[in-house]
Each structure stands twice: as structure tokens, then as C-alpha cells.
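Please look at the sequence and the fold together, and take your time over how the parts of the chain meet.

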Amino acid sequence: MKSVTDVGLADVTTVYSGPEGDLWELLMGHQIHIGGFKSTMDLAERAGVGTGMHGVDLCCCNGAGMRCLVRFRDVAGMTGVDATATVVDRGRARCHEEGLDARIRFVLADVCNSGLPAASADFVWGEDAWCYVTDKAKLVAEAARIVKPGGVIAFTDWIEGPAGLSDAEAARLLLFMKFPSVQDLDGYSAILRRNGCTVLTAEDTGRFAPHVDLYMNMVDMQLTYDAMRILGFNMAMLEAVSTDFAFLRDLAHAGKIAQGRFIARRG
């Protein structure tokens with residue numbers, strides 16, 4: 001696992017309370033994770049998430065993943081936990097607008113200490129967001145505590161790819177993305193096993209590089225004005241963001257950063 005010491009929860013909440021968070025939503029839509037709807041449906045299908053189940057989404061952001069599961073997988077109810085008030089408020093409003101607030105609730109809390117009852121969920125869920133959590137071992141332990149025996153923990157996340165990151169590359173990536181650390185396939189698998197889970201899937205989705213290409217093309221070919229508006233029409237800031245995205249693209253194509261998919265069953 002690669003990590004830095006000068007990024008924490010306050011930095012993450014600042015991102016998703018301001019223009020950076022809005023920029024991510026411009027590029028990725030309400031589902032701020034790589035692959036959007038297809039990624040959500042693919043993970044749910046592989047994990048057996050479906051009709052009548054109750055789940056908990058740790059780092060739920062605006063709740064778009066939960067709305068997708070309720071609408072298209074017939075999940076009976078979802079509880080989302082996130083530490084950023086801005087996205088929680090936005091999520092509650094969107095659930096109300098879509099008529100889903102009776103089946104989806106939000107908890108504003110640290111995902112490592114959610115306060116939710118033990119063994120209360122059929123599944124615990126996450127999509128490209130656990131990379132923002134400093135203590136990933138504590139986060140996985142919280143997921144294992146919340147899920148029922150026999151239930152599943154299913155998540156995707158940004159991970160270090162098979163080619164590996166140099167220390168300099170890791171430091172630049174983590175500071176740019178406001179990640180305190182980034183795990184890899186073996187690291188997450190080991191943490192899941194230590195928490196009494198059988199790892200069913202731990203693999204690279206193969207989605208990362210083509211989606212970063214897509215996001216860069218969208219800004220360059222169609223959404224330039226929209227991105228500048230979010231950034232206060234600061235051209236220098238847009239150029240800096242573009243430079244960081246080019247760095248991210250190069251890492252992805254070199255196999256140094258990837259989207260990991262993990263499915264584990266609690267014993």
C-alpha cells in the first residue's frame with residue numbers, strides 16, 4: 001500500500017463540498033465512479049445483490065449507486081454513510097425528487113465508526129470511494145461488523161495496478177486525488193480475510209484507462225466551457241487539472257493504477 005501523511009478526511013470533505021466535486025460530477029454524472037451504471041449493475045450481478053435485500057453503502061456520496069440498486073436490482077432498502085454534509089444533503093434531495101426517500105436513508109458519519117447496528121445488512125457496498133479513507137483496515141472491519149453472517153461485502157476501488165507506482169508517482173497521485181493511501185489487490189484481500197471473510201473476487205476491471213481517456217476527451221471536445229464555469233473561468237486552474245489528468249491517464253495505460261473489484265462473503 002502506498003500512502004501519504006498530509007491528506008485526511010478534512011481534505012476529502014473540502015473537495016466534495018466545492019468545485020472539485022462538481023467537476024467530478026460534470027465528467028462522471030451522478031454516479032461518480034468509473035463505469036457508472038454498467039459498473040454498478042455488473043458488481044451487483046456478480047455479488048448476488050437483488051430483490052428484497054437491505055444494504056449499506058459506505059462512502060455513498062450523493063447516493064446515486066443506492067438509487068440504482070433500488071430501481072434496477074429491486075433492493076428493498078439502502079442506508080448510505082458519508083462524512084461530507086454537502087453530498088448527503090444533495091443525496092437526500094435527489095432521493096426525494098425521484099420518489100425513493102422511503103427506501104433510502106443517509107447517515108452523516110465517519111464510515112469507520114458508522115454507529116449502525118452489527119450484523120444488520122445483507123450486503124455492504126462501495127464504489128470507487130474507499131480510496132479516500134485513511135484507515136482502510138478499520139473501514140473493512142466496520143463493513144464486516146455491519147454485514148450479516150453469510151452476507152457479502154462488494155466494492156470497487158481505485159487501486160495500485162500490477163506495474164506498481166514509484167514513490168514519486170504515488171505521492172503526486174495521492175496529493176492530486178486527495179487519497180491518504182491506495183491499496184492493491186493483495187492488500188485488500190488480506191484485510192478482508194483478517195476480518196473473517198472469504199474472498200470470492202479480487203480483480204482488475206480493466207475499465208480505468210479507457211474511461212480516463214473518455215473524461216479527458218469530454219473536457220477537450222465538448223465540456224470546456226462547463227468545466228471553466230465550475231472553476232470560476234480560471235484558465236490556469238483548468239490547465240493544471242488537465243495536466244493532472246494527463247498524468248493519471250499515463251499511469252492507467254502503464255498499468256500503475258486500476259479499478260479493482262472485490263466481492264467477499266462473511267463467514
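The model is a predicted one. Helix α3, which covers residues 36–47, has 12 residues and reaches 17 Å from its first C-alpha to its last, close to the 16 Å expected at 1.5 Å a residue. Several of its residues are buried, among them S39, D42 and L43, and what covers the buried residues of α3 includes helix α4 and the strands β5, β6 and β9. After α3 comes G48, whose phi is positive, near 75°.

Strand β6 also holds E160, which is buried because its relative accessible area of 9% is under the 20% cut-off. The side chain of E160 makes a polar contact of 2.8 Å with the side chain of K2, and, leaving aside neighbours within four places in sequence, the contacts of E160 include L165, V182 and I257.

A search of the whole structure finds 14 aromatic pairs, and two of them share F245, as the table shows.

| Pair | Centre to centre | Angle between planes | Kind |
|---|---|---|---|
| W24 and F245 | 5.3 Å | 45° | tilted |
| F176 and F245 | 6.1 Å | 70° | edge-to-face |

W24 in helix α2 and F245 in helix α11 are 221 residues apart, whereas F176 in helix α7 and F245 are 69 residues apart in sequence. The relative accessibility is 10% for W24, 7% for F245 and 16% for F176. Ring pairs link these residues into a cluster that also includes Y16, Y132 and W158.

Methods:
Residues numbered from 1 in each chain as written. Predicted model: local features only at pLDDT ≥ 70, side-chain atom pairs only at ≥ 80, totals over all residues. Heavy atoms only, no water. Helix = DSSP H or I, 4+ residues; strand = E, 2+ residues; numbered from the N terminus. Expected span 1.5 Å × (residues − 1). Buried < 20%, exposed > 50% of the residue type's maximum accessible area, 1.4 Å probe, protein only. Contact = heavy atoms within 4.5 Å. Polar contact = N/O pair within 3.5 Å; in protein donor to acceptor, adjacent residues only side chain to side chain. Phe/Tyr/Trp six-rings, centres within 6.5 Å; stacked < 30°, edge-to-face > 60°.
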